[in-house]
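Visitor: I would like to learn how to read a few features of this model. Please begin with pockets.

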Amino acid sequence: MTTHRGRWPTRALVAAMCVVAHGALGQVPPGKDAPLSASPPETPATSPAPSTAPSTAPATAPALAPAPSATSAASADLGTWHMLTGPQKSFTADLPAPPQYTTTEVKTGTGSLYTVHQYLLEQGDAAYIVQMATYPEDINVSNPRTNLQGGLDNLAKSMEGAKWVSVDWVSHQGLTASDAVGTRSGHAIRSFSVMKGRQVFTLIYAGEPGTARSADVNRFVASLRVSP
């Protein structure tokens, strides 16, 4: 009974973060030629599908995130992590274990549909979420920072104080990216998003206070590799 009670807060947080993560992709600020915004997810996938098979060689970490330190056996042994590959080999990312894969259909303000691909790993008191979507033609993506800021603003509504503790704008593989840290329901939250054309990639972590920039979370963020 103790184990089940202990996991309920984590399960509730994971459920909330999945909704918030979808919002990060779905709430796109309108451009001058596209006065619209996407609505929340409407049709969740009915059946999860397994993610791709693990690889023994993790993706090369970009320079923007600090290299993980050997603070634990899991962090030190690169072979213990799982590499997932996104749809059509659009990206790869490393997680501590294989995630659950689902898809959700999201509708824009003009009725266009696009698919959000989500990979979720719940591990103890932590949750790792990876999402990818390709925006339809009626979304203005001429200014990636504007699109990413819209996602950050939407996520901030659920953070304590309705704001992020810190937001860093960085370059990831030469692409515009945001790296934000905040607090939600007493948990540390980290959101890392990258845009490439109409594709947006978001990694979200939720865990115990003070862990947003831990070695494992740094590795999770640094592992994202967007395909050329």
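Guide: Start with residue classes: Ala, Val, Leu, Ile, Met, Phe, Trp, Tyr, Cys and Pro count as nonpolar, Asp, Glu, Lys and Arg as charged, and the others, Gly among them, as polar. By these classes, the lining of the second largest pocket has four nonpolar, three polar and three charged residues. This is a predicted model: local features need pLDDT of at least 70, side-chain atom pairs count only at pLDDT 80 or more, and totals for chains, interfaces and linings use all residues. Residues are numbered from 1 along each chain as its sequence is written, and side-chain values use heavy atoms, with hydrogens and water left out.

Visitor: What lines the second largest pocket?

Guide: Rolling a probe the size of a water molecule over the atoms shows where empty space is left. On a 1 Å grid over the protein atoms alone, a pocket is an open set of points where a 1.4 Å probe fits, with protein on both sides within 12 Å along at least five of seven lines; lining residues have an atom within 4 Å of a point. Here the lining consists of Gln123, Asp125, Ala126, Tyr128, Tyr205, Glu208, Thr211, Ser214, Asp216 and Val217. Both β7 and α4 supply at least two of the lining residues. Helices (H or I, at least four residues) and strands (E, at least two) are DSSP runs, numbered from the N terminus.

Visitor: What is the order of strands in the open sheet of three?

Guide: Two strands pair if DSSP finds at least two bridges between them. The order is β3-β4-β12, with antiparallel pairing. The edges are β3 (82-85) and β12 (225-226), each pairing on one side only. Four bridges join β3 to β4 (residues 91-95). Leu84 stands opposite Ala93 in β4.

Visitor: Which residues touch the most other members of the largest nonpolar core?

Guide: A nonpolar core is a set of buried Ala, Val, Leu, Ile, Met, Phe, Trp, Tyr and Cys residues joined through side-chain atoms within 4.5 Å. Buried means under 20% relative accessible area, exposed over 50%, partly exposed in between (1.4 Å probe, protein chains only). In this core of 24 residues, they are Phe91, Leu95, Tyr128, Val130, Phe192, Phe220 and Leu224. Elements supplying at least two core residues each include β4, β10 (187-196) and α4 (215-222). The largest share, four residues, comes from β7. A second, separate core has 12 residues, among them Ala127, Ala180, Ile204 and Ala206.

Visitor: How many salt bridges are there?

Guide: Side chains of opposite charge can pair when their charged atoms come close. The rule asks for a side-chain nitrogen of Lys or Arg within 4 Å of a carboxyl oxygen of Asp or Glu. The count is five. Take Glu137 and Arg198, with their closest N and O atoms 3.4 Å apart. Glu137 sits in the loop between β7 and α3 (144-156), Arg198 in the loop between β10 and β11, 61 residues apart. Glu137 is exposed, at 67%; Arg198 is partly exposed, at 23%.

Visitor: Which residues are linked in a network of salt bridges?

Guide: Asp168, Asp179, Arg190 and Arg213. Arg190 bridges to Asp179, with the closest N and O atoms 2.8 Å apart. Arg190 lies in strand β10 and Asp179 in strand β9 (residues 175-184), 11 residues apart. Arg190 is buried, at 3% relative accessibility. Asp179 is buried too, at 5%. Arg213 also meets Asp179 (3.6 Å, N to O). Arg213 belongs to the loop between β11 and α4, 34 residues from Asp179. Arg213 is partly exposed, at 39%.
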